Amino acid sequence: MRLFVVFVFFLLDYTTWASTQSFENSLIGLVNAGDYDVLSSAKAAPLSLSSDTKKVFFFFASTCAYCEQEMPRFITFQKEFGKSCKIDAIPISIDKHKLQASNAVTQWSIDIPTIWDRELKFKQLLNIRKVPYLVVTDRSGNIILSGSGT
């Protein structure tokens with residue numbers, strides 16, 4: 001239910017809540033820096049981020065049962081609204097080991113490109129203490145909404 005509420009606010013485009021982070025120190029700045037590995041199932045298209053889209057990042061860990069429950073909803077959201085609403089929905093694993101993250105991608109049937117935060121830079125930037133954690137950015141990379149789903 002919380003995830004749905006966040007998406008409703010996102011779709012209403014409350015950009016007045018945008019943070020004052022500079023682009024270089026933002027989440028999008030980290031994504032553009034490329035300090036991560038992209039994990040994909042055979043069905044997933046390559047990771048491609050457009051500068052004219054909003055971003056929804058779903059942080060998860062392979063050991064999180066709630067993350068496993070929420071992931072299908074997140075994938076469905078990307079497939080149903082991604083193109084029509086100009087949204088890039090990106091799962092990000094904060095597992096310490098790549099094998100754990102890769103296994104989750106396979107076992108959870110994640111068929112959209114998934115980032116493995118190998119150096120935990122995203123986690124540190126956002127001070128993530130528990131997952132699932134959702135971050136919504138505007139087209140400029142400013143964080144509009146963020147929070148834990150539990």
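Buried means under 20% relative accessible area, exposed over 50%, and partly exposed in between (1.4 Å probe, protein chains only). The model here is predicted, with local features needing pLDDT of at least 70, side-chain atom pairs counting only at pLDDT 80 or more, and totals for chains, interfaces and linings using all residues. Residues are numbered from 1 along each chain as its sequence is written, and side-chain values use heavy atoms, leaving out hydrogens and water.

**Exercise 1.** Work out which residues of helix H4 are buried.

Step 1: Turn to the face away from the buried side, where Leu 99, Thr 106 and Gln 107 are exposed.

**Exercise 2.** Find the salt-bridge partner of Lys 79 and say which parts the pair ties together.

Step 1: Recall that a salt bridge is a side-chain nitrogen of Lys or Arg within 4 Å of a carboxyl oxygen of Asp or Glu.

Step 2: Lys 79 meets Asp 111, at 2.5 Å from N to O. Lys 79 lies in helix H3 and Asp 111 in the loop between H4 and S4, so the pair ties together parts 32 residues apart in sequence.

Step 3: Check accessibility: at 51%, Lys 79 counts as exposed.

Technical notes. Helix = DSSP H or I, 4+ residues; strand = E, 2+ residues; numbered from the N terminus.
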